[in-house]
Amino acid sequence: MAKKEHISETPATQFLRKHNVVFSEHPYTYEEHGGTAVSSRALGVPEHAVVKTLVMQDEAARPLIVLMHGDCKVSTKNLARAIPCKSVEPCKPEVAQRHSGYLVGGTSPFGVRKAMPVYVEESILALPKIYINGGRRGFLIGIDPAVLAAVLKARPVHCALVD
């Protein structure tokens with residue numbers, strides 16, 4: 001009997017199981033600085049359906065999470081207007097790691113070390129299925145995007161810049 005490849009638990013998968021969220025596991029070979037182009041190609045899914053988890057901070061250095069399409073960038077100006085605050089900027093990798101508890105490149109919005117507000121590009125919520133980091137480099141999970149609002153209380157925003 002063939003055994004399904006088992007992925008070790010991460011804080012993200014533990015969080016999802018605890019909240020009874022159905023998800024699929026998608027391991028792939030991680031490439032340093034490869035980004036969502038590598039994972040979407042490895043999984044054979046559109047890069048637009050691969051969602052990146054970005055740890056950013058406002059002008060008072062309060063951390064927040066932004067979920068964005070893999071093929072888009074975040075307009076920090078539009079995000080700051082939407083949430084509302086004076087400015088938003090990406091956290092330095094070591095700061096993002098301290099807030100989330102995850103290595104950059106393996107950051108999941110689920111099971112983070114520190115509670116942070118979560119914002120999601122509104123068009124992500126209209127997709128039938130999304131692929132988002134499962135808490136480790138080279139590991140995405142497939143979920144219904146409605147989970148983002150239901151479990152993370154993610155607030156929709158419009159801040160995408162198409163690459």
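So, Glu25: at 19% relative accessibility, this residue counts as buried, because the cut-off for buried is under 20%. Keep in mind that we're looking at a predicted model here. And what does Glu25 do with its side chain? It meets the side chain of Arg17 in a salt bridge, 3.4 Å from N to O. Arg17 also has a salt bridge to Glu9, at 2.8 Å, N to O.

The structure holds 4 salt bridges, and another one I like is Glu32 with Arg137, where the closest N and O atoms are 3.9 Å apart. Glu32 sits in the loop between strand S1 and helix H2, and Arg137 in the loop between S7 and S8, so this pair ties together parts that are 105 residues apart in sequence. Arg137, by the way, is partly exposed, at 31% relative accessible area.

OK, on to strand S2, residues 50-58. How many of its residues are buried? 7 of its 9, so S2 is mostly covered. And look at the pairing. With S3, S2 pairs in the antiparallel sense over 7 bridges, and you can pick out Lys52 opposite Met68 in S3. The hairpin of S2 and S3 has 4 residues between the strands, and there Ala61 takes a positive phi near 65°. With S5, residues 88-90, S2 is again antiparallel, over 3 bridges, and Asp58 stands opposite Val88. With S7, S2 pairs in the parallel sense, over 2 bridges, and there you'll find Val50 opposite Tyr131.

Let me zoom in on one residue of S2, Gln57. Buried or exposed? Gln57 comes out at 15% relative accessibility, so it counts as buried. Leaving out residues up to four places away in sequence, Gln57 touches Arg62, Pro63, Leu64, Ser87, Val88, Glu89, Cys91 and Val95.

Val95 takes us to helix H4, where the buried residues are Val95, Ala96, His99 and Ser100. Why do I say they line one face? Seen down the axis of H4, the buried residues fall within an arc of 120°. What do the buried residues of H4 pack against? S2 and S3. Just after the helix, Gly101 takes a positive phi of about 85°.

Last topic, the nonpolar packing. The largest nonpolar core has 28 residues, and those with the most contacts inside it are Leu67, Phe110, Ile132, Ile141, Ile143 and Leu148.

Note on methods
Residues are numbered from 1 along each chain as its sequence is written. This is a predicted model: local features need pLDDT of at least 70, side-chain atom pairs count only at pLDDT 80 or more; totals for chains, interfaces and linings use all residues. Side-chain values use heavy atoms; hydrogens and water are left out. Buried means under 20% relative accessible area, exposed over 50%, partly exposed in between (1.4 Å probe, protein chains only). Contact means heavy atoms within 4.5 Å. A nonpolar core is a set of buried Ala, Val, Leu, Ile, Met, Phe, Trp, Tyr and Cys residues joined through side-chain atoms within 4.5 Å. The arc is that of the directions from the helix axis to the C-beta atoms. Two strands pair if DSSP finds at least two bridges between them.
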